[in-house]
Amino acid sequence: MTDDEVESLTAAWRTRWGGDPIAYELRDRHADRWVRFHSLPESKRYAETEDEYEITLDRHHRVLTELGAEDGLYVIAGYFEDARGRVSPDPRHPGAVPWLTIEPDDRSFFVIPLRLHVSTTSNDRWILDPLLRGVADDEISYAIIAPLDLRWLYHPYDGGADVIASTTHERDVL
């Protein structure tokens with residue numbers, strides 16, 4: 001992504017969603033359009049077998065398809081500094097560039113800045129599955145997937161995904 005594309009995303013985000021791209025805050029601010037999906041039967045949090053990983057990934061892709069995920073998607077993920085003060089995106093987040101920094105404050109549970117990186121990608125399993133599996137294993141956090149027009153947000157986490165649909169009707173259909 002170019003600097004102009006990152007600036008355009010920032011402006012579009014502020015217009016469409018306001019506030020910071022912190023999933024739990026978005027869920028609270030847009031509760032009327034929020035719905036949660038669990039990755040495994042009986043709300044099991046972590047996959048233990050390859051069959052369970054396949055169920056988890058299939059459920060993510062099923063919801064993304066229902067949302068209308070196409071080739072143009074933003075993938076946003078948060079990273080913290082390492083012991084040397086460096087921030088490096090996870091290799092499962094290819095093409096990620098720095099976007100925003102969320103400073104710790106009284107509303108956050110982290111004590112060092114959260115550095116959000118963003119990339120654009122397609123809705124291709126070979127591209128998204130490594131990232132989604134990393135999220136499912138709680139190795140990648142603060143992930144949000146959204147279409148380029150930001151009409152909906154998909155927040156995978158270890159155990160499932162939160163969706164903020166574009167309308168309450170879309171939420172109900174999901």
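The model is predicted: local features need pLDDT of at least 70, side-chain atom pairs count only at pLDDT 80 or more, and totals for chains, interfaces and linings use all residues. Residues are numbered from 1 along each chain as its sequence is written, and side-chain values use heavy atoms, with hydrogens and water left out. The structure holds 16 salt bridges, and its largest nonpolar core has 22 residues.

**Nonpolar cores**

- A nonpolar core is a set of buried Ala, Val, Leu, Ile, Met, Phe, Trp, Tyr and Cys residues joined through side-chain atoms within 4.5 Å. Buried means under 20% relative accessible area, exposed means over 50%, and partly exposed lies in between (1.4 Å probe, protein chains only).
- In the largest core, of 22 residues, Trp13, Trp99 and Leu153 have the most contacts inside it. At least two residues each come from helix H1 (3-16), strand S2 (73-79), strand S3 (97-102), strand S4 (114-121) and strand S5 (141-147). S3 gives the most to this core, with four residues.
- Helices (H or I, at least four residues) and strands (E, at least two) are DSSP runs, numbered from the N terminus.
- Not counting residues up to four places away in sequence, Trp99 touches Val6, Leu9, Thr10, Trp13, Pro21, Ile76, Leu116, His117 and Val118. Contact here means heavy atoms within 4.5 Å.
- A second, separate core has 21 residues, including Val35, Leu57, Leu131 and Ile140.

**A buried serine**

- Ser119 has its place in strand S4 and counts as buried, at 3% relative accessibility.
- Its side chain makes a polar contact with the side chain of His93 (3.2 Å). A polar contact is a pair of N or O atoms within 3.5 Å; within protein, one must be able to donate a hydrogen and the other to accept it, and residues adjacent in sequence count only if both atoms are side-chain atoms.
- Leaving aside neighbours within four places in sequence, Ser119 is in contact with Met1, Leu73, Tyr74, Val75, His93, Pro94, Gly95 and Ala96.

**Surface and loops**

- Phe80, Val111 and Ile112 form a nonpolar patch on the surface, with about 270 Å² of accessible area together. Val111 is found in the loop between S3 and S4 and is exposed, with a relative accessible area of 75%.
- Such patches are made of residues with over 30% relative accessible area and no salt bridge; like charges are joined within 9 Å, and nonpolar side chains (Val, Leu, Ile, Met, Phe, Trp, Tyr) within 5 Å. Accessible areas come from the Shrake-Rupley method with a 1.4 Å probe, and for residues only the protein chains shown count as cover.
- Asp32 lies in the loop between helix H2 (23-29) and strand S1 (34-38) and is partly exposed, at 43% relative accessible area.
- The C-alpha atoms of Asp32 and Thr168 are separated by 6.3 Å, although these residues are 136 residues apart along the chain. Neighbours within four places in sequence aside, Asp32 is in contact with Thr168 and Arg171.

**Salt bridges**

- A salt bridge is a side-chain nitrogen of Lys or Arg within 4 Å of a carboxyl oxygen of Asp or Glu.
- Asp158 and Arg45 meet through their side chains in a salt bridge (3.1 Å, N to O). Asp158 lies in the loop between strand S6 (153-157) and strand S7 (160-164) and Arg45 in the loop between S1 and helix H3 (50-67), so the pair ties together parts that are 113 residues apart in sequence. Asp158 counts as buried, at 9% relative accessibility, whereas Arg45 is partly exposed, at 44%.
- Arg125 forms a salt bridge with Glu54, the closest N and O atoms being 3.4 Å apart. This pair links distant parts of the chain, with Arg125 in helix H4 (residues 125-136) and Glu54 in helix H3, 71 residues apart.
- Arg125 also forms a salt bridge with Asp58, the closest N and O atoms being 2.8 Å apart. Asp58 lies in helix H3 and Arg125 in helix H4, so the pair ties together parts that are 67 residues apart in sequence.
- Arg27, Asp28, Arg36 and Asp162 are linked in a network of salt bridges.

**Helix H4**

- The buried residues of H4 are Leu128, Asp129, Leu131, Leu132, Gly134, Val135 and Ala136; they pack against H3, S2, S4, S5 and S6.
- At the start of H4, a side-chain oxygen of Asp124 reaches to within 2.6 Å of the backbone nitrogen of Trp126. H4 is followed by Asp138, whose phi is positive, near 60 degrees.
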